[in-house]
Amino acid sequence: MTTPAMDKIIALRHWLHAHPEVSRQEVETAKYLRLFLQEHATPDEFLPLHGAGFAAIYAGREAGKTVLIRAELDALPIHEINLDLPYRSIHDGVGHKCGHDGHMAIVAGLAQALAAQRPEKGRVALLFQPDEETGSGARNCCHHPNYAKIAPDYAFALHNLPGFAAGQIICRTGTFASAVKYAAVRLAGKEAHSAQPETGASPSFAMARITLMAQELQQEFETPSEYALIVPVYSQMGVQASGVCPGAGEVHVTLRSGRGEALDAMWQAFSDRATHIAHKSGLEIRFETREEYTETRNNAEAVEMIVDAADALGLSLVIPEHPFRWGEDYGEIAGRCKGAMFGLGAGLDRPALHNPDYDFPDAIIEPGIAMFRRLVERALG
Ligand SMILES: [Zn+2]
Ligand SMILES: [Zn+2]
């Protein structure tokens with residue numbers, strides 16, 4: 001049996017799931033959430049932040065510390081295939097396939113608890129952040145003038161994790177989510193008749209060499225204690241005409257590492273070698289960084305609070321040996337205060353994040369709210 005308050009939160013999650021919006025377009029999502037909070041968990045103030053983002057502020061009677069709790073507003077350009085869901089996405093090609101609908105519901109549930117019982121002292125800022133999936137939302141919110149009005153002492157966020165038992169807590173000190181860089185490499189030469197390629201400059205062999213070089217570089221940077229990944233994710237060259245030897249092409253790569261410094265060194269080596277390859281083929285080369293995630297580094301004191309909260313709630317705890325390979329823009333927020341992120345198990349047999357059949361399990365909303373309530377109490381206490 002769920003309480004009436006939980007019924008509202010689950011209904012909110014289903015509405016959000018049915019109305020997903022991709023990064024930078026989360027207008028209706030933010031509007032609906034603000035109306036929901038206004039009606040069911042009235043904050044002292046809404047602070048607009050970057051894009052559709054905003055923070056809802058709940059202040060205690062006395063001054064004290066500020067704790068920030070983050071949820072993400074965006075869905076993904078992935079078509080939902082769960083046709084049996086009564087609340088399936090009404091937008092073709094867009095789906096809540098990272099479970100951010102569940103994260104928003106959890107933070108809205110925390111808002112209800114805070115509205116019903118304000119903290120004794122200090123403030124809570126519930127941050128509903130846009131553009132997580134592009135890596136830019138957290139950074140842009142932190143640079144917004146209103147973020148200085150929040151200036152959190154502590155910050156917490158969770159991510160649901162399929163592949164772990166439902167309600168399990170996953171956390172580690174140090175790097176939790178990896179540093180990631182997504183970049184385009186653009187090569188420019190000169191088109192030619194394909195019977196006379198020597199009269200032009202084609203990018204085709206340079207593109208192949210750059211792709212193979214990426215593989216070698218990864219092997220050089222990988223050590224037993226630290227992983228390195230360079231993955232070509234896109235390439236484009238030429239036109240579909242037998243007589244045209246192409247004059248331009250591009251390769252896009254994604255680099256990952258558990259350490260920002262290692263990622264920077266890997267990128268430096270990659271761009272130096274790609275430049276050398278391009279120049280040897282008589283090509284111009286340009287690089288464009290399209291997305292960048294700093295690593296999410298968990299503060300030891302904040303992790304201790306997470307471990308204590310899981311213990312007090314009787315939730316089992318997993319300490320992963322290595323950082324997760326995915327990037328999380330929450331690293332920007334965590335890096336500016338005592339911040340940490342933890343995983344909340346979403347079930348062992350649940351489809352993986354970003355799978356087209358993924359759906360956030362309602363059963364983990366309550367443990368998510370309970371964790372945040374404990375963390376808020378502890379951080380402000
Ligand atoms: Zn995602
Ligand atoms: Zn996500």
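In this predicted model, the side chains of Glu328 and Arg70 meet in a salt bridge, with an N to O distance of 2.9 Å; a salt bridge is taken as a side-chain nitrogen of Lys or Arg within 4 Å of a carboxyl oxygen of Asp or Glu. Glu328 lies in the loop between S15 and helix H9 (331-334) and Arg70 in strand S3 (residues 62-72), so the pair ties together parts that are 258 residues apart in sequence. Helices (H or I, at least four residues) and strands (E, at least two) are DSSP runs numbered from the N terminus. Glu328 and Arg70 are both buried, where buried means under 20% relative accessible area, exposed over 50%, and partly exposed in between (1.4 Å probe, protein chains only).

Residues are numbered from 1 along each chain as its sequence is written, with chains lettered from A and ligands numbered from 1 in the order in which they are written. Local features need pLDDT of at least 70 and side-chain atom pairs count only at pLDDT 80 or more, while totals for chains, interfaces and linings use all residues; side-chain values use heavy atoms, with hydrogens and water left out.

The structure holds 24 salt bridges. Lys181 pairs with Glu292 in one of them, the closest N and O atoms being 3.1 Å apart. This pair links distant parts of the chain, since Lys181 belongs to strand S7 (residues 174-188) and Glu292 to strand S12 (residues 284-293), 111 residues apart. Lys181 is buried, with a relative accessible area of 7%, whereas Glu292 is partly exposed at 33%. A salt bridge of 3.8 Å (N to O) joins Lys31 and Glu28. These two residues are three apart in helix H2, which means that about one helical turn separates Lys31 from Glu28. Both ends count as partly exposed, Lys31 at 47% relative accessibility and Glu28 at 40%. A network of salt bridges links Glu226, Arg259, Glu261, Glu295 and Arg297.

Ser257 is placed in strand S11 (residues 248-257) and is buried, at 1% relative accessibility. Not counting residues up to four places away in sequence, Ser257 touches Ser178, Ala179, Tyr227, Ala262 and Leu263, contact meaning heavy atoms within 4.5 Å.

The domain assignment, from an automatic or database source, gives domain 1 (4-173 + 299-380) and domain 2 (179-292). Nine residues from domain 1 and seven residues from domain 2 make up the contact. The centres of the two domains, taken over C-alpha atoms, are 36 Å apart. Across the interface of domain 1 and domain 2 the rule finds zero salt bridges. The side of domain 1 that touches domain 2 draws its largest share, four residues, from strand S15 (residues 324-327).

Most residues other than glycine have a negative phi. Arg24, although not a glycine, has a positive phi of about 70°. Arg24 is found in the loop between helix H1 (4-18) and helix H2 (27-40) and is exposed, with a relative accessible area of 55%. His354, likewise not a glycine, has a positive phi of about 70°. The place of His354 is in the loop between strand S16 (338-345) and helix H10 (365-380), and His354 is partly exposed at 35% relative accessibility.
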